[in-house]
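Hi everyone, thanks for coming.

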Amino acid sequence: MHKFAFVSFLFIMVLATLPNFLHASQPVISHITKDVVASVGEDVEFNCTVENVGRMSVSWAKRSVALSMRNILSLSDPRYTITETRDEKAGSATYSLKITKIEASDMGPYECQVIMSATDKITKKLNLSIKHPPIISAELTPQSKLVTEGHNLEVSCQATGFPQPTTWWKREDNAIMPAGGQTLPGPILRIKEVHRLDRGAYYCVADNGVGPPDERMVLIEVEFRPQISVMRPKVAQVLSHVAELECNVQGYPAPAVFWHRNGSKLQSNSQYEISNTASSHETTTSVLRIASVSEADFGDYYCNATNKLGHADARLHLFQPVIPVPSSH
């Protein structure tokens, strides 16, 4: 064979085998620890094994911030240690990153990197998830909710935690929920056509088995037009005695309560004393007291209640009892 042709042949053979040679010596990350789930205060260890490592630099990084280079840490946190274990015969090395007493801030993605050049690297990732108890968001969960009677209500409760918490709703003192039962599963409290009896404290509960469940109270307030109930619509009283007329008013917002007679509003004075006493469940008891009944006081009185949703009236009648006259024999 001609000398030049022989040299050319050898050159072609070298070129043909070069890719196989390069491929055989290319570093490969053959193993990386799987994703880790741990609790605060525990120790974790991540391992990354690189084949054909040669003199390549291998590092651990978190969110693109280098934590180590070969067996040297690049941060001064005593909780971190890095170990390089080389197998010269196999041409591989394992890089172990250990973190003791992990904190919530340690969670996130970690990356094993083989630095090939300034612009090229081989990488594999794992994720560290840290268990933490449920926390119901104060910003995303209201303290109270106002709804008009007859309207639909929807309140959302947002909770974070790992694992993802399960959420449900319950009423104060484990009272029956509007839709029945003592609990309502899920993060959203829905009540159709709200009734005033649905008002009160509701609790969102979040639990994921890590630490105690979290609870947050939401006060449901139901606004409704006034309603008046009268226990004694007809009151009998004799002259010169004290007479009391009473009406019970429900409504929210709390209604303004007034008494009327013959189209005129009555005021507290020497003849009349009006007292309004608020009690629980949006009830106001209003009493009109007449100090000494005269002939002119007999007749109809009206209890009137008004709030922004409407008004209500109730009529009460004050009369003089008929005293039977003994028949003569």
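Let's start at T166, whose bridge partner in β18 is D207. T166 opens strand β15 (residues 166-171), and 6 bridges join β15 to β18 in an antiparallel run. A quick word on terms: strands are DSSP runs of E, at least two residues long, numbered from the N terminus, while helices are H or I runs of at least four residues. Two strands count as paired if DSSP finds at least two bridges between them. In general, strands of a sheet pair through backbone hydrogen bonds, either parallel or antiparallel.

Before I go on, please remember that this is a predicted model: local features need pLDDT of at least 70, side-chain atom pairs count only at pLDDT 80 or more, and totals for chains, interfaces and linings use all residues. Residues are numbered from 1 along each chain as its sequence is written, and side-chain values use heavy atoms, with hydrogens and water left out.

Back to β18, which covers residues 200-207. Is it mostly covered or mostly open? Mostly covered, with 6 of its 8 residues buried. Buried here means under 20% relative accessible area, exposed means over 50%, and partly exposed is in between, using a 1.4 Å probe and protein chains only. β18 also pairs with strand β19 (residues 214-229), again antiparallel, through 7 bridges.

Now for the aromatic rings. How many aromatic pairs does the structure hold? It holds 2. Rings of Phe, Tyr and Trp (for Trp, the six-membered ring) pair if their centres lie within 6.5 Å; planes under 30 degrees apart count as stacked, over 60 as edge-to-face, and the rest as tilted. F46 and W60 make a tilted pair, 6.0 Å centre to centre with 45 degrees between the planes. F46 lies in strand β3 (residues 44-51) and W60 in strand β4 (residues 57-62), so this pair ties together parts that are 14 residues apart in sequence. W60 is buried, with a relative accessible area of 1%, and F46 is buried with 0%. F46 also pairs with Y110, tilted again, at 4.9 Å centre to centre and 55 degrees between the planes. That pair links distant parts of the chain, since Y110 sits in strand β10 (residues 108-115), 64 residues from F46. Y110 is buried too, like F46. Together, F46, W60 and Y110 form one aromatic cluster.

β3 takes us to a sheet. In which order do its 4 strands come? The open sheet runs β1-β3-β9-β8, with antiparallel pairing. β1 (28-32) and β8 (80-87) are at the edges with a single partner strand each, so one side of each has no neighbour in the sheet. Within this sheet, β8 and strand β9 (residues 92-99) are joined by 8 antiparallel bridges, and D87 stands opposite S92 in β9.

There is another open sheet, with 5 strands in the order β20-β27-β26-β22-β23 and mixed pairing.

Next, please find N276, in strand β24 (residues 272-279). Its relative accessibility is 42%, so N276 counts as partly exposed. Beyond its neighbours within four places in sequence, N276 is in contact (heavy atoms within 4.5 Å) with V257, T284, T285 and S286. T284, in strand β25 (residues 283-290), counts as buried at 11% relative accessibility.

Finally, how confident is the predictor? The chain averages a pLDDT of 89, and 90% of the residues score at least 70; pLDDT is the predictor's confidence in each residue, from 0 to 100. Over residues 1-23, however, pLDDT stays under 50, and the model has 1 contact beyond four places in sequence for them. Where pLDDT is low, the predicted coordinates should not be read in detail.
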